[in-house]
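Subject: The model you asked for, plus notes

Hi,

Here is the structure I promised to pass on.

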Amino acid sequence: MRRQKAITLISLVITIIILIILAGVGINLSLGENGIFKRAKEAKNKYLIAQENEEKGLNEIENYIQEYTNYKQVAGGLIFIDVDNVIEEGTGANYTYTAKEDSIAYIEALGINKGFMGHLNNAPIFRFQCGNSGAGDYASTLVAIKKGQTLKFTEWGSGTGELYVKIYKVLQ
């Protein structure tokens, strides 16, 4: 008679018991009082609270700056302009400005299938490509202009769009 190799009923039951214990431990670690999901949810809530507090702090700083200095932050950058010192405003791609003094141009473009290029002394310095996918796009930039330099624009595309320009005096 040949000896058969097989799993005995006892070893099978022991294996199933061990698997049940491991599954119970895994479920408890995931869903229990200090489980991974609960800790992830707590971390998310702490992050949202911290983000809200940071936004409040930044808003307080911005309000302080605007209240006590009368400056406005432009385009999320580090340049502050005095909102009472607008030298000139213009719209459209035919707008041209020759600086009589050092100044800063804040330029916005909005359009669908429209493009704008800015030139400083006939050298291209920036390009806005608005909404090639058929959706409207918005873009903005700041340009420093030295006394005597000329800022002008060209446009292309068959879509619709508008260019807005505000020239501000440079603060010393």
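Some ground rules before the details. This is a predicted model, so keep in mind that local features need pLDDT of at least 70 and side-chain atom pairs count only at pLDDT 80 or more, while totals for chains, interfaces and linings use all residues. Residues are numbered from 1 along each chain as its sequence is written, and side-chain values use heavy atoms, with hydrogens and water left out.

**Overall**

On confidence, where pLDDT is the predictor's confidence in each residue, from 0 to 100, the protein chain has a mean of 78, and 78% of its residues reach 70 or more. Among its elements, strand β1 (residues 71-73) has the lowest mean pLDDT, at 50, and strand β4 (residues 96-98) has the highest, at 90.

The protein chain contains two helices and ten strands; these are DSSP runs numbered from the N terminus, H or I with at least four residues for helices and E with at least two for strands. In sequence order the pattern is α-α-β-β-β-β-β-β-β-β-β-β.

Of the 172 residues in the protein chain, 22% are buried (buried means under 20% relative accessible area, exposed over 50%, partly exposed in between, with a 1.4 Å probe and protein chains only). The accessible surface of the protein chain is about 12,600 Å², and 56% of that belongs to carbon and sulfur atoms; the areas come from the Shrake-Rupley method with a 1.4 Å probe, and for residues only the protein chains shown count as cover. Counting contacts (heavy atoms within 4.5 Å) between residues at least 6 apart in sequence, 69% join residues at least 24 apart.

**The core**

In soluble globular proteins, nonpolar side chains tend to be buried together. A nonpolar core here is a set of buried Ala, Val, Leu, Ile, Met, Phe, Trp, Tyr and Cys residues joined through side-chain atoms within 4.5 Å. The largest one has 19 residues, and those with the most contacts inside it are Ile107, Phe128, Ile145, Phe153 and Leu163. The elements giving two or more residues to this core are β5 (103-112), β6 (114-120), β7 (123-130), β8 (137-145), β9 (150-156) and β10 (160-169).

Which residues does Phe128 touch, leaving aside its neighbours within four places in sequence? Among its contacts are Ile107, Ala109, Phe116, Ala139, Trp156 and Leu163.

**The strands**

An open sheet is formed by four strands in the order β3-β10-β5-β8, with antiparallel pairing (two strands pair if DSSP finds at least two bridges between them). Since β3 (86-91) and β8 stand at the edges, each has a single partner strand, so one side of each is left without a neighbour in the sheet. β3 and β10 run antiparallel and are joined by five bridges; Glu89 has Lys166 in β10 as its bridge partner.

**Loops to check**

β6 and β7 form a hairpin with two residues between them. Most residues other than glycine have a negative phi. Asn121 counts as partly exposed at 41% relative accessibility, whereas Asn122 is exposed, with a relative accessible area of 60%.

Lys146 sits in the loop between β8 and β9 and is exposed, with a relative accessible area of 53%. Lys146 and Ser103 are 43 residues apart in sequence, and their C-alpha atoms are 6.5 Å apart in space. Leaving aside neighbours within four places in sequence, Lys146 is in contact with Ala99 and Asp102.

Cheers
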